[in-house]
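Q: Hey, can you walk me through this protein? I'd like to start with one end of the chain and then get the big picture.

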Amino acid sequence: MGVEDTEGAVKAAAEAFKTWQFTTAKQRAHVLRQWYNLLEANHESIAEIMTAESGKPLVESRAEVIYGNSFIEWFSEEARRIQGEIVQSPIPTKKIMVVKQPIGVAALITPWNFPHAMIARKAGAALAAGCTCVVKPAEDTPLTALAMAHLAHEAGIPKGVFNIITSDRANAASIGKYLCENPLVAGLSFTGSTAVGKLLYRQCASGIKRLGLELGGNAPFIVFNSANVEKATKGALASKFRNCGQTCVAANRFLVQDGIYDSFVNSFVGHIKDIKMGEGTQPGVTTGPLINHAQFEKVSSIVQDALDKGAKALVGGKSASSLGELFYEPTLLIDVKENMRVYHEEVFGPVATIVKFKAEEEGLKIANATERGLAAYFYTEDVAQMFRISQGLEAGMVGVNEGIISTPEAPFGGIKESGLGREGSHHGIEDYTYIKYVCVGNV
């Protein structure tokens, strides 16, 4: 689809908003719950579609459907908890009320790495607030979005309330620009790269739109001397290699204190060698291919740059071409230095790098030496250190002795160049509501 199709979707959403905004919270909660029930009933079919178009193993696709559905369930319940205020007036004859109302049409631009969950996390909140949606899924993964839309229709979500615009790469930029600049669109939520997020930020400025941005990360994973090595290794494996390393909250830089360095590296190498790559539908497969050629070339070039400059690959370091042209071996690099691209760039692939440090202050300094601040992780058995590092890390989300932190109940989002706003939790609805102050006089 192109800009003309997007124009039609925006007009349909704007027309539907005229009535959807006046539905009661109970009505919206009911229809969202119906959608959730249908998504659950079609769990396996959605997972199969996702594996077919993204390559991720079925075990991961199934987990994503559960995770994504949980946001629809969560926001079906939160719809009835969008509370206002009665404020104490300084004047006896005036009453002050504060109410929250839906902003209008919400444009939702979602990525390919989690084609179900990213739509659910945004659309669940928008619909619960009383907004209508125009969703543009990633060019690589449109089919999961269309399956969700089909079930939304069956659940009773009215025509025009939930719209999908699919496109190829040639039309993606013009569609994004149109959504940013169309005055009928009240707000835009985007998950993707920081570079594209900055572009959309500029394009939205002309209309001063409500903006939610969940952008790139460069997550540190710190292992202190007091850490439990086995727990840290398992957490590292889950955080780094889930979805073939193609997650915005994936651990990107492993910082290991010198006293525990050797034991952690040896344990990590053993676990990485146990990863089974292959076609996502095959039993036992835990890691699939990269999403496309551009991503494959990026990962390959970053690793080759590190190897050329003196890094050593303890595991992997090359393509797994015997499995397919987009497969890349799970890789562990040591002797990583500041002059290497991998030291600074988000890899977004199955590549782990380890940097040794001595003092706590040094590890924290390296962890914070980035313009990104989405997620961060650290392992320690020292309670005092838990509080010091949690406070000192410059990130919107921190995992302490835990490598998987996402859940509908918690606010998801970053600081610095990792974005604006929060998704999930009761804060997730705030991007889709505005506050109206009502003053009633002469009471």
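Predicted model: local features only at pLDDT ≥ 70, side-chain atom pairs only at ≥ 80, totals over all residues.

Q: Where is Gly2, and is it buried or exposed?

A: Gly2 sits in the segment before α1 (3–20). Its relative accessible area is 12%, and buried means under 20%, so Gly2 counts as buried.

Q: And how far is Gly2 from Ser61?

A: They are 59 residues apart in sequence, and their C-alpha atoms are 29 Å apart in space.

Q: OK, big picture now. How many helices and strands are there?

A: The protein has 14 helices and 18 strands. Its radius of gyration is 23 Å, close to the 22 Å that the globule rule gives for 443 residues, so the protein is as compact as a globular protein of that length.

Q: What does the C-alpha trace span?

A: About 75 × 50 × 40 Å along the principal axes.

Q: How much of the protein is buried, and what about the surface?

A: Of the 443 residues, 56% count as buried. The accessible surface comes to about 18600 Å², and 54% of that belongs to carbon and sulfur atoms.

Q: What share of the contacts joins residues 24 or more positions apart?

A: That share is 73%, counting contacts with a separation of 6 or more.

Q: What about the charges?

A: There are 43 positive and 47 negative charges, and their mean positions are 5 Å apart.

Q: Let's switch to helices. What span should α10 have?

A: Helix α10 covers residues 261–273, which is 13 residues. At 1.5 Å a residue α10 should span 18 Å, and its end C-alpha atoms are 18 Å apart, so the two agree.

Q: Which residues of α10 are buried?

A: Tyr261, Phe264, Val265, Ser267, Phe268, Val269, His271 and Ile272. As background, an α-helix has 3.6 residues a turn, so residues three or four places apart point the same way.

Q: What do those buried residues pack against?

A: Several strands and a helix: β8 (219–223), α9 (229–241), β9 (251–257), β10 (312–315), β11 (331–334) and β12 (351–357).

Q: And which residues are buried in α13?

A: In α13 (residues 360–368), the buried ones are Glu360, Gly363, Leu364, Ile366, Ala367 and Asn368. Their cover includes β8, β9, α12 (341–344), β12, α14 (383–392) and β16 (415–416).

Q: One more helix: what's buried in α8?

A: Helix α8 runs over residues 194–204, and its buried residues are Thr194, Gly197, Leu200, Gln203 and Cys204. They pack against β3 (105–109), α7 (169–181), β6 (185–191), β7 (210–214) and β13 (372–373).

Q: What is Lys240 in contact with?

A: Leaving out neighbours within four places in sequence, Lys240 is in contact with Gly245, Ala250, Ala251, Asn252, Phe254, Gly349, Val351 and Ala352. Take Gly349: it is 109 residues from Lys240 along the chain, yet their C-alpha atoms are separated by 8.5 Å.

Q: Where is Leu290, and what does it touch?

A: Leu290 lies in the loop between α10 and α11 (293–308). Beyond residues up to four places away in sequence, Leu290 touches Cys244, Gln246, Gln295, Phe296, Val299, Leu326, Tyr328, Phe348, Gly349 and Pro350. With 1% relative accessibility, Leu290 counts as buried.

Q: How far is Leu290 from Gln34?

A: Their C-alpha atoms are separated by 34 Å, and the two are 256 residues apart along the chain.

Q: You mentioned Cys244 as a contact of Leu290. What is its phi?

A: Cys244 has a positive phi of about 60° although it is not a glycine. In general, most residues other than glycine have a negative phi. Cys244 is in the loop between α9 and β9, and at 2% relative accessibility Cys244 counts as buried.

Q: What about the phi of Ser425?

A: Ser425 also has a positive phi, about 60°, and is not a glycine. Its place is the loop between β17 (419–420) and β18 (433–440). At 1% relative accessibility, Ser425 counts as buried.

Terms used: Residues numbered from 1 in each chain as written. Heavy atoms only, no water. Helix = DSSP H or I, 4+ residues; strand = E, 2+ residues; numbered from the N terminus. Rg over C-alpha atoms; globule rule 2.2 N^0.38 Å. Buried < 20%, exposed > 50% of the residue type's maximum accessible area, 1.4 Å probe, protein only. Contact = heavy atoms within 4.5 Å. Areas by Shrake-Rupley, 256 points an atom, 1.4 Å probe, with all protein chains shown as cover. Lys, Arg positive; Asp, Glu negative; His and termini not counted. Charge placed at Lys NZ, Arg CZ, Asp CG, Glu CD. Expected span 1.5 Å × (residues − 1).
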